[in-house]
Amino acid sequence: MNAVHSQAAPDRSRARLGVLLAFVLATCVARESRADEPADPQSRRAPKADQADGIATPQRKGARQLIWIPRAILYIPRRTIELALTPVRLAVWALERWQLETLYYRVFFFEKRTFGLYPSARLTSGFGVSIGMRMVHRDLFRNRGNLDVNGMTGVNYGDRLSVDFHSGWLGRSGVRVGGTVEYRLVPGDRFFGIGNADIDSAGVGDSIDALQRTDAVSTRFLHRYLRGGPIVTIRLAPAFDLDLATIFARREFGPPEKPRGDFATDDVFDTRRLVGYETGVDNVHMGARAVVDNRRTRGRAVASTGWNAAVYAGYTIGLPGDPSRYARAGFDVQRFIDLWGGTRVLMLRAVADTVVGPMSRIPFVDLPTIGGPYSLRGHARDRFRDRIAAYGTAEYIYEIDHRFAGFLFLDTGRVWSALNELVLANFRLGYGGGVQLRSKRGYIGRVQFASSIEGGFHVDLNFSPPDILRDPR
Amino acid sequence: MSISTSHPRTSSVTRGEFARRVVVGLACVGGCSHTPGTLRFHNEDPHWVVDDRSPIAEPIERGAWNKLYFFEYDVSRPIDWTLAVPERRPARNVNALGEVPDSSWFTNRIGVRDLTVDEMLRGPNRTDGPVAPMRVTKAQADGGGFFIEDKGGATWILKFDPEHDPELGSAADVVAQRLLWAVGYHVPEDSVVYFARDELVLDPGATVPVKGGKVPFGEAELDAMLAARVPEHGRYRALASKFLVGEPKGPYTTEGLRKDDPNDRVPHEYRRDLRGQYVFFGWLAHTDLHAGNRLDMWIEHGDGRGHLEHNLIDFDRALGAMAVVIDSPWDAYRHRVDYKYMLASTLTLGLWKRPWEGLERPGLRGIGRFDSRHFEPDGYAPRDYFMPFLYKDRLDCFWAAKILMRLRPEHIRAAVAAAKLSDPRSAEYLSRVLIERQREIGRHWLAKVDPLDRFEVRGPAGDEMLCATDLLVHHRLDRGFAGATYVAVAFAGDGRRLPWRRTVRADANGAFCVDALPRGSGGDGYVIVSVATRRGKKQLPPVFVHMARKRGTGALRVIGLDRRL
């Protein structure tokens, strides 16, 4: 019995071993089968999207771990920019979440958007920041007439309220009637004297006779004025208009409210020699102005080719008690030259302004001036004034993208006391550049940096919608 | 690699062999391009379908948030992405051959099979357009069209061409729609249709959106909209786009995943089908990629569960139409806010020739600012930054170019014919330009990586040969080269170099084979063949072809491709 058992035991062990081996073998085969495709492709399950690459062993990565170095260096700038953009992002989100743009137009605009209200702002060297609102109606009298009411205020800029309007072209007559009214209080308007002299404060303390044209000192005075009158425009030909205007002006002067480091005009200059300073000005100007404007846009630049030229002449007489009596004439010619593809433009401008009459009949504020953000840039506003003023500009405008354009300029000019003293020497030079933002309609705003040989640095940041190639004053 | 530390004379590896292995190993640490490295594939056939249509709970509808989208992807995100120095990683939704499997995002068509001209002419459309009478239910705010329900109850949007540019938008849309369908994307059924005024019936409740609400849209308004269009023989031309099947759930994002879609497992910036759109959209000058033109549709299976299908819509600003409609000659060349261009213009004071300068309309009816002379395959830019394009690599563009090159001229002409351009010169011009641009793309992207493809094993067991096609030669794009040679070496599955090497030339169609493949290692005969193309003096990084024997049949076949950059 024991022999039978002992013989049966090895047989059973072998059998168990065989079963075990068979089981192991079957398991291995089955496991390999799950890793590979099943014999029947139709029962094959599609993998998930991120598991279809069939990779069993990935490629070992190389030494790409150094990427943390530039990441570390750029981490702070990245987070700073993110932080700076967060309020903008929130504003955009709010704009879209509550449809603020729709709300704005519903409150401030008629359905056809012909009437609107805009905020405006300006920063000008010497006059600081000014802010305001602008109301525009582009379909006055339902004749595409225009009404433009603009109010601005600033600590140093002062207050300004202006109303400009026109009727639109009256039928096929080619005639448009309108007018302008402007009230302005400038707490510290600028006066540097008369003539082309360099600034020199050494002799301050004496009453300088500005008519000697030997001294220039930076001074300020209070200037309050109200001016306005009717304007009739006659379209003589396409792109050729004639403006006829009669403008009344009442002006008052006095010590500046906030000298801001400059002298007061009446502390430096003999104001009795400045016609109108002590008595005020009360005069009316009648003039005509012929304008040719055939500027065309080829690219997305505002103007690529063409002319924008104006010639004007007029006469000013004083109301009773006012000595004003002089003629005025001048021109302002701009030529746009398309250098390349409509997106690189050279603008050349020549301006001349002259008054004819005895100095005793010409209020000092009516003398032609140059200097400021639009004429002879790089110099303070109204830096030079005299009977004859002229300046020229060469400005290169180039497209940065379809909204922004950069510009570089050179301005040169000077003033003279009389025609027989017209010498082509001692010209003033200003230079600078900036960036302007535009839409399909034209300028939205610009920032301009300017300087001159005389020194100083002038910044002008302007978000008023009008065409600012011309001096708006 | 093991090295005995006993007496050198008794080490199992000679000094020379050791030195060789050290050199190779060091080279491979940095991603050596001449050895297969550690990458191995499962011994299975590559997958051509993925499972991303599993039933899920219904996701919420996402808003388009256009203004926020523009801010993020025009202003903020490009800056942030640059400063983040992201690591460029290869696409993750590809199979072992680097191809994109069929999914709810993409369906392989021309890439894997031929399409007939009739298929191209019809595209995805099951009908020829809406069937009259068409009931107008809503008008578009901009007066550009209206929504209708046709006789069969299907909802369509009818869109008119720009008032002074007949056929421009409708032609562009249909051509782009046909071509994008052919390459594999999911698009709506778009057709050019002509209809008469009396085929329109106004729904009494029809409205038109205005600022702050909507107002009734009546007969007078409908007539005014039609009056701005010039009918041809009493019939108005429009683009008819059928509403996609399912329920709209908003746009898919350009980055990350859709959190309420468990099927969405690959971050979108790592999807090859999205990255590859750079090539297709550049070809078609399709730049309007804002959120509203990418649409997820909810396909219900039942019991409130279903899946999302991902679609492209609105192509009526492709083919240079956008550049005309919004007067932007730079369209398709730079982004709406393009820091690179702004910086270049600022620093150079504008004194550099932009790539779009000189591009003019050909003066043909229905054709926008679109030509081949000013086309740069790598110079395309959509209006808004599209994040997958920032992550793309040459392999993504190679994949797309391969598919694009399979479209033959007759396919392209059929797509153009579907646009029903009235002037045959316009159709001829458009077809010619598309073909020329296609070849520029092929010439550019197929040369950026080793252009070998269509790998397959042929021959009897034991005497197999590996065959491939040089796509540059196959598509006749290898101008200027004397003729390429292809050098193949083999490695076993464990990485050992095998004593086998072949140098061959291709035939006139770019096809070649290397014979007598060596036996690999392991029970499945895993073998890797590296094939490098030498064209003139230039040799591109090779393609590593991984092969193994199929379980059961023992047949050797390609199980994976490793393309190097």
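Visitor: How many residue pairs are in polar contact between chain B and chain A?

Guide: This is a predicted model. Between chain B and chain A, 27 residue pairs are in polar contact, both residues at pLDDT 80 or more.

Visitor: Which elements of chain B give two or more residues to the side that touches chain A?

Guide: They are β1 (40-41), α2 (66-84), α9 (339-347) and β21 (556-563) of chain B. The largest share comes from α2(B), with 10 residues.

Visitor: What is the make-up of that side of chain B, in nonpolar, polar and charged residues?

Guide: It divides into 27 nonpolar, 16 polar and 24 charged residues. In total, chain B brings 67 residues to the contact and chain A brings 57 residues.

Visitor: Why is the meeting of Arg265(B) and Asp50(A) called a salt bridge?

Guide: Their side chains meet at 2.8 Å, N to O. The cut-off is 4 Å between a side-chain nitrogen of Lys or Arg and a carboxyl oxygen of Asp or Glu, so the pair counts as a salt bridge. The count between chain B and chain A is five salt bridges.

Visitor: What makes β1 of chain A and β1(B) a pair of strands?

Guide: Strand β1 of chain A, residues 55-57, and β1(B) are joined over two bridges, in the antiparallel sense. At least two bridges are required, so the strands pair. Ile55(A) stands opposite Phe41(B) in β1(B).

Visitor: Why give an area for the interface?

Guide: Because the size of an interface is often given as the accessible area lost when the parts come together. Between chain B and chain A, about 5,700 Å² is buried. Carbon and sulfur atoms give 53% of that area.

Methods
Residues numbered from 1 in each chain as written. Chains lettered and ligands numbered in written order. Predicted model: local features only at pLDDT ≥ 70, side-chain atom pairs only at ≥ 80, totals over all residues. Heavy atoms only, no water. Contact = heavy atoms within 4.5 Å. Buried area = accessible area lost by both parts, 1.4 Å probe. Polar contact = N/O pair within 3.5 Å; in protein donor to acceptor, adjacent residues only side chain to side chain. Helix = DSSP H or I, 4+ residues; strand = E, 2+ residues; numbered from the N terminus. Nonpolar A, V, L, I, M, F, W, Y, C, P; charged D, E, K, R; others polar.
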